[in-house]
Amino acid sequence: QVQLVESGGGLVEAGGSLNLSCIAGGTIFSIASMGWGRQAPGKRRDVIATITSGGRIVLADSVKGRFTISRDAAKNTVFLQMNNLKPEDTGVYSCNADGFAVGINRSKLYWGPGTQVTVSS
C-alpha cells in the first residue's frame with residue numbers, strides 16, 4: 001500500500017510563510033516525479049508544483065515567484081516553501097507521487113490526504 005503523508009499546514013497572516021513537507025512510503029518505488037496540488041473551498045484540485053527525478057520544475061502561474069518546490073529523492077520527500085502568502089492561497093494542499101507500487105505493473109499518480117492552509121487577510 002502506498003502512503004503519502006503531508007505536514008506543515010496551518011493558519012498564517014497574509015504576507016507570511018509556510019513550509020510543507022510530504023513523505024511517500026509503503027510499497028511505492030521508482031518515483032518519476034512528486035508535486036503538490038491545491039483545492040480551494042468549493043473548487044476542484046489543481047496541480048500547482050511538480051518536480052521530476054531529473055530536477056525539472058513546473059510551477060503554476062499563480063505561485064511563480066512565491067512558492068519553491070524541492071525534493072530529497074533518497075528519502076522520497078518533497079517540500080513546498082510558500083512565501084508572501086495571500087488569502088487566495090487558502091485551501092487543502094495535497095502532495096502527489098508518480099511511481100510504481102509493488103504488485104502493480106504500471107506507474108500511477110498517488111495522492112496524500114492533504115493538509116489545510118488558511119491565509120487570513
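## Thr 77 and its surroundings

Thr 77 is part of strand 8 in this predicted model, and with a relative accessibility of 9% this threonine counts as buried, because buried means under 20%. A polar atom of the Thr 77 side chain lies 2.9 Å from the backbone oxygen of Lys 75. Once residues up to four places away in sequence are set aside, Thr 77 touches Cys 22, Ile 23, Met 34, Ser 70, Arg 71 and Asp 72.

Which order do the strands of the open sheet follow? The order is 1-3-8-7, the sheet has 4 strands, and the pairing is antiparallel. Strand 1, residues 2–7, and strand 7, residues 67–72, stand at the edges, and each has a single partner strand, so one side of each is left without a neighbour in the sheet. Neighbouring strands of this sheet are turned against each other by 15° on average, if direction is ignored.

Strand 1 pairs with strand 3, which covers residues 18–26, in the antiparallel sense and over 6 bridges. Within strand 3, Gly 26 is the residue that stands opposite Val 2.

## Strand 4 and its partners

Strand 4, residues 28–39, is paired with strand 9, residues 91–101, in the antiparallel sense over 9 bridges, and here Gly 35 stands opposite Asn 96 of strand 9. Strand 4 is also joined by 7 bridges to strand 5, residues 45–52, and these two strands run antiparallel. The hairpin of strand 4 and strand 5 has 5 residues between the strands, and in this hairpin Gly 42 takes a positive phi near 75°.

Ser 33 belongs to strand 4, and its bridge partner in strand 5 is Thr 52. Is Ser 33 buried or exposed? Ser 33 is buried, since its relative accessible area is 12%. Not counting residues up to four places away in sequence, Ser 33 touches Thr 50, Ile 51, Thr 52, Arg 71, Asn 96, Ala 97 and Asp 98. Ser 33 and Val 78 are 45 residues apart in sequence, while their C-alpha atoms are 9.5 Å apart in space.

## Strand 11

Strand 11 is joined to strand 2, residues 10–13, by 4 bridges, and these two strands run parallel; in this pairing Val 12 stands opposite Val 119 of strand 11. Strand 11 is also joined to strand 9 by 3 bridges, and here the strands run antiparallel, with Thr 115 in strand 11 as the bridge partner of Tyr 93. Thr 115, Val 117 and Val 119 make up the covered face of strand 11, whereas Gln 116, Thr 118 and Ser 120 make up the uncovered one.

## The disulfide

How many disulfides does the structure hold? The structure holds 1 disulfide, and it joins Cys 22 to Cys 95, with a distance of 1.8 Å from S to S. Cys 22 lies in strand 3 and Cys 95 in strand 9, so the pair ties together parts that are 73 residues apart in sequence. Both Cys 22 and Cys 95 are buried.

In soluble globular proteins, nonpolar side chains tend to be buried together. The largest nonpolar core of this model has 29 residues, and among these Trp 36, Leu 80, Met 82 and Tyr 93 touch the most other members. At least two residues of this core come from each of strand 1, strand 3, strand 4, strand 5, strand 7, strand 8, strand 9 and strand 11.

If neighbours within four places in sequence are left aside, Met 82 is in contact with Gly 16, Ser 17, Leu 18, Leu 20, Arg 66, Phe 67, Tyr 93 and Val 117.

Ser 30, which lies in strand 4, is a residue other than glycine and yet has a positive phi, with a value near 50°. Asn 84 is not a glycine either, and its phi is also positive, at about 50°. Asn 84 is found in the loop between strand 8 and strand 9, and at 43% relative accessibility Asn 84 counts as partly exposed.

Key:
Residues numbered from 1 in each chain as written. Predicted model: local features only at pLDDT ≥ 70, side-chain atom pairs only at ≥ 80, totals over all residues. Heavy atoms only, no water. Pairing = 2+ DSSP bridges. Axes fitted to C-alpha atoms, helices over the stretch in contact; angles between N-to-C directions. Core = buried A, V, L, I, M, F, W, Y, C linked by side-chain atoms within 4.5 Å. Buried < 20%, exposed > 50% of the residue type's maximum accessible area, 1.4 Å probe, protein only. Contact = heavy atoms within 4.5 Å. Polar contact = N/O pair within 3.5 Å; in protein donor to acceptor, adjacent residues only side chain to side chain. Disulfide = S-S within 2.5 Å.
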